[in-house]
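Hello,

Here is the structure I promised to pass on. My notes follow below it.

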Amino acid sequence: MHMIRRDDEIIVIAGKDKGKRGKVLKVLADDRLVIGGVNLVKRHTKPNPMAGVQGGIVEKEAPLHASNVAIFNGETNKADRVGFNVEDGMNIRVFKSTQKAVDA
């Protein structure tokens with residue numbers, strides 16, 4: 001069970017985009033995350049008229065390692081760690097600081 005899932009709001013805690021917030025768009029297999037509006041890179045794209053792709057320089061989100069981000073706690077407006085509590089036989093993700101459930 002992963003600490004960070006798709007559609008979680010996160011904050012970057014290390015790297016060139018430190019302090020930026022965004023939503024997780026995709027979780028990749030090797031502990032990497034694609035986050036909306038964070039870690040933008042420029043991609044030089046060839047035009048492809050058959051597919052309707054216009055050429056040029058396109059900005060897209062590159063993956064970040066999960067160790068460089070933390071889940072954002074809206075109640076405290078800070079980065080927080082995630083733990084698990086077992087309730088009714090189900091693992092529920094909770095914020096470590098407030099012990100309240102992470103709304104997914």
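A nonpolar core, as the term is used here, is a set of buried Ala, Val, Leu, Ile, Met, Phe, Trp, Tyr and Cys residues joined through side-chain atoms within 4.5 Å. Please keep in mind that this is a predicted model.

**Core**

The largest nonpolar core has 9 residues in all. They are Ile-4, Ile-10, Val-12, Val-24, Leu-33, Ile-35, Val-38, Leu-64 and Val-69. Two elements give two or more residues to this core: strand S1 (9-12) and strand S3 (32-35).

Val-24 is worth a click. Setting aside residues up to four places away in sequence, Val-24 touches a run of partners that includes the core members Ile-4, Ile-10, Leu-33 and Ile-35. Val-24 also touches Arg-5, Arg-6, Asp-7, Asp-8 and Val-34.

**Sheet**

Next, the strands. Six of them form an open sheet, in the order S6-S3-S2-S1-S7-S8, and the pairing is antiparallel. Which strands stand at the edges? They are S6 (64-65) and S8 (78-80). Each has a single partner strand, so one side of each is left without a neighbour in the sheet.

S7 and S8 are joined by 3 bridges, in the antiparallel sense. Across this pair, Phe-72 stands opposite Ala-79 in S8.

**Glu-9**

Glu-9 sits in strand S1. Its relative accessibility is 30%, so Glu-9 counts as partly exposed; the buried class stops at under 20% and the exposed class begins at over 50%. The side chain of Glu-9 makes a polar contact of 2.7 Å with the side chain of Arg-21. Beyond its neighbours within four places in sequence, Glu-9 is in contact with Arg-21, Gly-22, Ile-71 and Phe-72. Take Ile-71: 62 residues separate it from Glu-9 in sequence, yet the C-alpha to C-alpha distance is 6.2 Å.

**Asn-73**

Asn-73 belongs to strand S7 (residues 69-73). Is this residue buried or exposed? Asn-73 counts as buried, because its relative accessibility is 2%. A polar atom of its side chain lies 3.1 Å from the backbone nitrogen of Glu-75. Leaving out neighbours within four places in sequence, the contacts of Asn-73 are Lys-78, Asp-80, Phe-95, Ser-97 and Thr-98.

Best wishes

Technical notes. Residues are numbered from 1 along each chain as its sequence is written. This is a predicted model: local features need pLDDT of at least 70, side-chain atom pairs count only at pLDDT 80 or more; totals for chains, interfaces and linings use all residues. Side-chain values use heavy atoms; hydrogens and water are left out. Helices (H or I, at least four residues) and strands (E, at least two) are DSSP runs, numbered from the N terminus. Buried means under 20% relative accessible area, exposed over 50%, partly exposed in between (1.4 Å probe, protein chains only). A polar contact is a pair of N or O atoms within 3.5 Å; within protein, one must be able to donate a hydrogen and the other to accept it, and residues adjacent in sequence count only if both atoms are side-chain atoms. Contact means heavy atoms within 4.5 Å. Two strands pair if DSSP finds at least two bridges between them.
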